[in-house]
Amino acid sequence: MRTHHRLLVVAVLVLVAMGLAALVGANVLGGQRVAEGGRPGQPHRTLEPGEAPHGDFHRFRLGAIDGERLAPNRDDFAARTAPNGPLLLFLPATRAKPADYQRFLTTALDDGYHVLGLDYWNLGKTLSGTCESDARCYGQVQRNRFDGTRGSALSDVSPAGSIVSRFRDAVAHLDDVDPAGGWGRFVRPDEDIRWRDIVVAGHSQGGGEAAYIAHIRPVLGALMFSSPVESVGPVHAAWMDRPGQTPASRMYALDDVRDTFGPRITGSWSALGLDGDRSSEGPAGKDGPWRTDTAPPPPGADPHAVLTDLPVGDPHWAHSRIIKDTTPLDEHGDPRMLRIWQWMLHRFPTPAVPSGRS
């Protein structure tokens, strides 16, 4: 009995020693990662033109930036095909993460985009719930999350944790692991971002942030899904009343008729001048958003605000299911929204999609 007891004690001690050794090893590796800027090395595979990643996006997390540990710090997603495609910068909804949008990100990748699904500070209350009818609040909060300025009790993101800072660090990491990939061209040597080569996109709060970025920076284009949710009755975000750096002709928005936030979204579309067709013959008409089931607009049509009619069950699901990976699939296993996603992505030229393709 005593011998058996001693063997049990020895076994426990061995297990404890093994656990301590593993913990020390993990701490050493963690220290190495912080010393390298918090960018854990992961294998990178360059995709062939037209090849879908099928879950093989390069996943990575940013570590300390300027000595500050980021929070939140969830996986960023990146992939590319040709080295000369424009960049799609995608921002998730409130409390969502890039991993929730792999079907859409894959679609953009197939169309020749460099794709970066970027994590950022999107926790807490929604932007619309934070600002409600305070028109100036929207721009203040969005600017703080963009570059870390204008901090307040409503949003206090530091410059290191801002979208701009995270973007620069992500591009630096991708340029390290894929030096032939053309990632570095999106940031100039003076660290200024080449916005004219970037399509900003996002869902819900992320789509509102994309619209705001397009307002203050001359981007290649902006794609907004179930967003911006920035109007309450006659009140909307104050920044929408001023001309932006990116014209409405390079901005497109998509939502579903069942979205319970629909009135706040269509009110924002109207304030931005998106609720009409902008054909080559003249300015946008005021006929309201273009409506469809899930089919894209016909050749020659150029609506900048589109409402789908996608049966999704509970209307509360409509806000997410036009873009998240929970989106309904057809009999072939493809997203039913695929063709209209492609139509929106094709508004901007890429190596895989010639200019003017629709």
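Me: Which residues is Asp-256 in contact with, leaving aside its neighbours within four places in sequence?
Reply: In this predicted model, and with those sequence neighbours left aside, Asp-256 is in contact with Leu-307, Thr-308, Asp-309, Leu-310, Ala-318 and Ile-322.

Me: Is Asp-256 buried or exposed, and why?
Reply: Asp-256 counts as buried because its relative accessibility is 1%, and the cut-off for buried is under 20%.

Me: And where does Asp-256 lie? What does its side chain reach?
Reply: Asp-256 lies in strand β9, which covers residues 251-256. Its side chain reaches the backbone nitrogen of Arg-258 at 3.0 Å, and a polar contact of 2.7 Å joins the side chain of Asp-256 to that of Thr-308.

Me: OK, zooming out to the sheet: how many strands form it, and in what order?
Reply: The open sheet is formed by 9 strands with mixed pairing, and their order is β1-β2-β4-β3-β5-β6-β9-β11-β10. The strands at the edges are β1 (58-60) and β10 (290-291), and each has a single partner strand, so one side of each is left without a neighbour in the sheet.

Me: Which strands does α2 lie across?
Reply: Helix α2 lies across β1, β2, β3, β4 and β6 (221-225), and α2 runs at about 170° to β3. Helix α6 (residues 205-216) lies across β3, β5, β6 and β9, running at about 150° to β5.

Me: Back to β3, how many of its residues are buried?
Reply: Strand β3 (residues 87-91) is mostly covered, with 5 of its 5 residues buried. Leu-87, Leu-89 and Leu-91 point one way from the strand, while Leu-88 and Phe-90 point the other way.

Me: And how many bridges join β3 to β5?
Reply: There are 5 bridges between β3 and strand β5 (residues 198-203), and these two strands run parallel. One of the residues involved is Phe-90, whose bridge partner in β5 is Ala-201.

Me: New topic: which residues have the most contacts inside the largest nonpolar core?
Reply: That core has 53 residues, and those with the most contacts inside it are Leu-116, Phe-167, Trp-195, Ile-198, Val-200 and Leu-274. Apart from it lies another core, of 34 residues, including Val-199, Ala-318, Ile-322 and Phe-348.

Me: What does Trp-195 touch, not counting residues up to four places away in sequence?
Reply: With those residues not counted, Trp-195 touches Leu-89, Phe-146, Val-200, Ile-213, Arg-217, Pro-218, Val-219 and Leu-220.

Me: And where is Leu-274?
Reply: Leu-274 is in the loop between α7 (262-272) and β10, and because its relative accessibility is 0%, Leu-274 counts as buried. Not counting residues up to four places away in sequence, Leu-274 touches Met-224, Ala-248, Met-251, Ala-253, Trp-269, His-304 and Ala-305. The C-alpha atoms of Leu-274 and Ser-249 are separated by 8.3 Å, and these two residues are 25 residues apart along the chain.

Terms used. Residues are numbered from 1 along each chain as its sequence is written. This is a predicted model: local features need pLDDT of at least 70, side-chain atom pairs count only at pLDDT 80 or more; totals for chains, interfaces and linings use all residues. Side-chain values use heavy atoms; hydrogens and water are left out. Buried means under 20% relative accessible area, exposed over 50%, partly exposed in between (1.4 Å probe, protein chains only). Helices (H or I, at least four residues) and strands (E, at least two) are DSSP runs, numbered from the N terminus. Two strands pair if DSSP finds at least two bridges between them. A nonpolar core is a set of buried Ala, Val, Leu, Ile, Met, Phe, Trp, Tyr and Cys residues joined through side-chain atoms within 4.5 Å. Contact means heavy atoms within 4.5 Å. A polar contact is a pair of N or O atoms within 3.5 Å; within protein, one must be able to donate a hydrogen and the other to accept it, and residues adjacent in sequence count only if both atoms are side-chain atoms. Axes are lines fitted to C-alpha atoms, for helices over the stretch in contact, and angles run from 0 to 180 degrees between N-to-C directions.
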